[in-house]
Amino acid sequence: MTVKVGLVGTGTVGGGCIDVFNAHTADFKTRYGIDVELVRVCARTSEGAEKHGVPELYTNDWHNITTDPEIDIVMELMGGTTTAKEVVMEALENGKHVVTANKALLAAYGEEIETLAAEKGCEVAYEASVGGGIPIIGPLKHSLIANDINSILGIVNGTTNYMLTRMANEGISYEDVLADAQAKGYAEADPTADVDGLDAAAKIAILASIAFNTRVTQDEVSCEGIRSITTADLAAAADMGYAVKLLASANRTDAGIDVRVHPAMVPLDHPLAGVNGVFNAIYVEGALVLPCSLGRALVRMQRQAP
């Protein structure tokens, strides 16, 4: 059996995906008995396809992928919420399964996309949209389905975690560590999505929607970033036995579902306190997945006006 795949987007994520196909096609056959074949890749220019060794698969028109009757799966890895939405919706309309890492798209239009997928009998897979290599969406959808999930806490943005780690450990100012993160490619030239918590808000909206069997959009997430955090704040928190993290949280409350992103003082004996650098971590509490001892409660950082 052969499954044919079309890929839209050949940037960092899309290019890495091409490399996976080049290196592991035989492994897919061995493990699953299926030939997974990348048959076409789309981007504005052919540079990415050439760089990753598949220039013969290049097209500059994504319709050549979404309307090709031979393609079974469309992978949308271009990002954004405009053309990316068109790609996903047209692929589903044509009966193709979709794989995407686009958290902004899912946080804004997840219900619309999944409704169409259900109508067309297609799957939408988006494990890579939250937490990078952490398997969390699949477990929430399947492995933990017998649980009533009470809360999810996550460090889900590697850029801000890297910045806060270096500010805390080395006393580097926000401005200098941001410049360093940009130089290393961790932060974009416009870092707004990361440092203002918008990236994390999209991700926790997705997790909350799955965990609580509801629909949370990014606009419904209370959001505060790290622009106002100083090295003095981090030093004071450390003296009191806390690490400061940009936390994304979703909690079941008597009043409903509370979903937010903000800097928080995390007790040093909490598992999330030791997650440093660009690493992510997600902490789930449910009826059958009990938390370890939290020690002291998480404390939201609040700055009082002078």
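Q: Which residue does Asp180 form a salt bridge with, and how far apart are the closest N and O atoms?
A: Asp180 pairs with Arg166, and their closest N and O atoms are 2.7 Å apart; a salt bridge here is a side-chain nitrogen of Lys or Arg within 4 Å of a carboxyl oxygen of Asp or Glu. The pair links distant parts of the chain, with Asp180 in helix α8 and Arg166 in helix α7, 14 residues apart. Before going further, note that this is a predicted model, in which local features need pLDDT of at least 70 and side-chain atom pairs count only at pLDDT 80 or more, while totals for chains, interfaces and linings use all residues. Residues are numbered from 1 along each chain as its sequence is written, and side-chain values use heavy atoms, with hydrogens and water left out.

Q: Are Asp180 and Arg166 buried or exposed?
A: Both are buried, where buried means under 20% relative accessible area, exposed over 50% and partly exposed in between, computed with a 1.4 Å probe on protein chains only. Through shared partners, salt bridges join Arg166, Glu170, Asp180 and Lys184 into one network.

Q: What else is buried in α8?
A: Helix α8 covers residues 174-183, and besides Asp180 its buried residues are Tyr174, Val177, Leu178 and Ala181; helices are DSSP runs of H or I with at least four residues, strands are runs of E with at least two, and both are numbered from the N terminus.

Q: Why do they line one face of the helix?
A: Seen down the axis of α8, the buried residues fall within an arc of 160°, so they share one face; the arc is that of the directions from the helix axis to the C-beta atoms. Glu175 and Ala183, on the other side of α8, are exposed.

Q: And what do the buried ones pack against?
A: They pack against α7 (158-170) and α9 (192-195), with contact meaning heavy atoms within 4.5 Å.

Q: Back to charges, how many salt bridges does the structure hold?
A: There are 13, and one of them joins Lys85 to Glu112, with the closest N and O atoms 3.2 Å apart. Lys85 lies in helix α4 (residues 83-93) and Glu112 in helix α5 (residues 103-120), so this pair ties together parts that are 27 residues apart in sequence.

Q: How do the axes of α4 and α5 cross?
A: The two axes come within 9 Å and cross at roughly 10°, the axes being lines fitted to C-alpha atoms over the stretch in contact and the angles running from 0 to 180 degrees between N-to-C directions. That makes α4 roughly parallel to α5, a label for angles under 35 degrees, with over 145 counting as roughly antiparallel, 65 to 115 as roughly perpendicular and the rest as oblique.

Q: Switching topic, which residues have the most contacts inside the largest nonpolar core?
A: That core has 69 residues, and those with the most contacts inside it are Leu92, Ile152, Met163, Ile204 and Leu207; a nonpolar core is a set of buried Ala, Val, Leu, Ile, Met, Phe, Trp, Tyr and Cys residues joined through side-chain atoms within 4.5 Å. Helix α10 (residues 198-211) gives the most to this core, with ten residues. A second, separate core of 14 residues includes Leu7, Ile18, Val36 and Met75.
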